[in-house]
Amino acid sequence: MNEFDQYMQRCLELALKGLGHVAPNPMVGCVIVHKDLVIGEGYHQKYGEAHAEVNAIASVANKDLLKESTIYVSLEPCSHHGKTPPCSDLLIEHKVKRVVVGCLDTNPLVAGKGIAKLRNAGVGVVTGILEKQARDLNKRFFTYHEKKRPYIILKWAQTKDGFISKKAPFTKEENWITNDESKKLVHMWRAQEQAIMVGTTTALLDNPALTVRLTEGKNPTRVLIDKDLKVPITNSIFSEEAETIVFTKKHKPDTNHINYHLIDFTKDITKQILDYLYHKKIISLIIEGGTHTLQSFIDKGSWDEARVFNGNKQFKSGIKAPVIQINKSASQMISDDALVIAINE
């Protein structure tokens with residue numbers, strides 16, 4: 001690994017610490033190197049707070065060294081005023097010698113402007129270092145800005161004989177397919193994403209809270225498709241632990257944590273949902289079921305990852321799991337559960 005790659009890899013490691021805390025902003029890491037010695041590091045820690053470059057510069061004891069230093073940053077420094085001032089201006093102010101960038105920021109507010117500003121000020125700029133890894137790290141952010149929708153993760157568990165659920169009536173314990181380790185992993189995933197969605201049937205049969213309980217982290221915004229408002233307000237999905245968005249055809253006044261949004265169920269439901277979530281600046285969405293909801297997104301091609309648990313149980317009858325065409329995937333064992341993660345390319 002050469003010098004550029006080594007320090008950029010460290011930027012990516014730092015950036016990942018922001019997962020679940022910085023959305024809808026990207027995860028960014030920054031390393032400052034002076035004569036082959038790291039003199040500062042930082043990452044974007046929380047949405048609305050200081051960016052990676054600001055934190056890295058703040059960690060440098062002797063700011064005079066910045067004039068002779070190279071700053072490595074996993075994403076192009078911002079060039080616009082948002083919740084914080086432009087990072088490109090800060091780098092110019094400190095007269096840094098060189099900036100090495102992982103990948104360009106395709107947010108229209110930046111999109112090359114940060115690099116142009118640095119070069120116009122006489123700062124040396126190198127781009128495209130570990131670019132693929134840098135883009136993959138912020139797949140949610142780039143999908144949001146380039147496809148104008150959230151990054152979509154489909155998640156379900158299925159039995160050995162291909163069922164996602166028994167037919168009612170059943171208890172939660174009877175209908176559970178995977179082990180406790182898999183359940184903890186799902187809660188960790190929830191903490192990493194901005195929103196989580198289910199349909200009416202899942203909400204009625206499973207009464208899911210869709211919150212983070214088995215790990216630390218922020219609860220995602222819950223999204224419910226409920227055309228006729230069949231799900232009672234006493235359902236766990238309406239608890240005050242998190243915000244809930246309900247897509248429906250019926251008028252109902254919002255509460256302090258529940259937003260009812262009207263859509264036309266005779267038109268493309270998937271597009272209407274994704275357009276609204278895009279408008280709400282939600283850059284990632286987990287869809288947890290059931291088969292009808294999952295299949296509707298699969299059929300539209302509106303998904304980026306599918307995370308499918310294959311448990312050891314057999315139901316012999318019930319609701320069949322979704323049907324999905326997988327071209328690229330990886331698998332791993334979670335205790336005795338087989339987890340397959342497919343990528344939609």
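Mentor: Strands here are DSSP runs of E with at least two residues, numbered from the N terminus. Lys155 has its place in one of these, strand β6 (residues 151–158). Please note that the model is predicted.

Trainee: Why is Lys155 called buried?

Mentor: Buried means under 20% relative accessible area. Lys155 has a relative accessible area of 13%, and is therefore called buried.

Trainee: Which residues does Lys155 touch, not counting residues up to four places away in sequence?

Mentor: Among them are Trp189, Ile286, Glu288, Arg307 and Phe309.

Trainee: What makes Ala195 buried?

Mentor: Ala195, found in strand β8 (residues 195–199), has a relative accessible area of 0%. The cut-off is under 20%, so Ala195 is buried.

Trainee: How far apart are Ala195 and Pro220 in sequence and in space?

Mentor: They are 25 residues apart in sequence and 4.7 Å apart in space, C-alpha to C-alpha. Pro220 is also one of the contacts of Ala195 beyond its neighbours within four places in sequence, as are Thr221 and Ile282.

Trainee: What makes a set of residues a nonpolar core?

Mentor: Its members are buried residues of kinds such as Ala, Val, Ile and Tyr, joined through side-chain atoms within 4.5 Å. The largest such core has 40 residues, and Ile32, Tyr72 and Val99 have the most contacts inside it. Helix α1 (residues 3–15) gives the most to this core, with six residues. Apart from this core lies another, of 28 residues, including Ile245 and Trp303.

Technical notes: Residues numbered from 1 in each chain as written. Predicted model: local features only at pLDDT ≥ 70, side-chain atom pairs only at ≥ 80, totals over all residues. Heavy atoms only, no water. Buried < 20%, exposed > 50% of the residue type's maximum accessible area, 1.4 Å probe, protein only. Helix = DSSP H or I, 4+ residues; strand = E, 2+ residues; numbered from the N terminus. Contact = heavy atoms within 4.5 Å.
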